[in-house]
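These entries record what I looked up in the structure.

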Amino acid sequence: MRAHLLVGEEKKAARVKDELLKRFPARPLTLLARVRLELAGRWGAKSAKELELSDPVWSGSAPRLQAEGLTLRARAWFDERAWDKAKADLLAAQELAPSAEASYWLGRVYLETGRAAQALIELEASALLDAAQVELWFFLGEARRAVGDVARAQEGYRMYLLRAQNGEYAARARRALPP
């Protein structure tokens, strides 16, 4: 009896999937690709190349979606302080589809690894693509200060404080500004 119920549920699921594919041909596949990539990114289960070769859903995804997935995985690597892995995923994401988010995280990786000049380039690029990012301005200030551009660093800190007076980095930004 139980096996019969499972077969019935599988048939029902297949009908629902077929109906969704008829109505929204790209959406379910894109969503599924995004979920699979996010899960793979969180646990480092598969590289992007393995996903591309083994998963027809993944290989049909748009480059922008692939780049978003790589950026998600890079953020997980960043949290684990796995700088080389984060950098590799972010560079791959930038090749597929440049984005403000990937530039921001790549700039953060470069800051964490002591490459302030490269960090500044990436953070400036991120600001050009999306100046509304709040934390970007704090780290732009940090990168500018690290390369010796104190006046522009202070501008970055001020921009951060305008957007997030009580933000995570507000105290550090205030300390970096002259009294």
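Entry 1. I looked up helix H8 (residues 116-129) and H9, whose axes cross at roughly 145° and come within 9 Å. Axes here are lines fitted to C-alpha atoms over the stretch in contact, with angles from 0 to 180 degrees between N-to-C directions; helices are DSSP runs (H or I, at least four residues) numbered from the N terminus. The model is predicted: local features need pLDDT of at least 70 and side-chain atom pairs pLDDT 80 or more, while totals for chains, interfaces and linings use all residues. Residues are numbered from 1 along each chain as its sequence is written, and side-chain values use heavy atoms, without hydrogens and water.

I noted that H8 passes H9 in a left-handed crossing, that is, the near helix is turned anticlockwise from the far one by less than a right angle. In contact (heavy atoms within 4.5 Å), H8 residues including Leu120 and Leu123 meet H9 residues including Leu136, Phe139 and Leu140. By class, I recorded 11 nonpolar, 1 polar and 2 charged residues for this contact; Ala, Val, Leu, Ile, Met, Phe, Trp, Tyr, Cys and Pro count as nonpolar, Asp, Glu, Lys and Arg as charged, and the others, Gly among them, as polar.

Entry 2. I then examined helix H7 (residues 100-112) against helix H9 (residues 134-146): the angle is about 35° and the axes are 11 Å apart. This crossing, too, is left-handed. Tyr104, Arg108 and Leu111 of H7 make the contact with Glu135, Leu136, Phe139, Glu142 and Ala143 of H9. I recorded 5 nonpolar, no polar and 3 charged residues there.

Entry 3. I counted 10 aromatic pairs, taking rings of Phe, Tyr and Trp (its six-membered ring) with centres within 6.5 Å; planes under 30 degrees apart are stacked, over 60 edge-to-face, the rest tilted. One of them, Tyr104 with Phe139, is edge-to-face, at 6.3 Å centre to centre and 70° between the planes. This pair links H7 to H9 across 35 residues.

Key:
Helix = DSSP H or I, 4+ residues; strand = E, 2+ residues; numbered from the N terminus.
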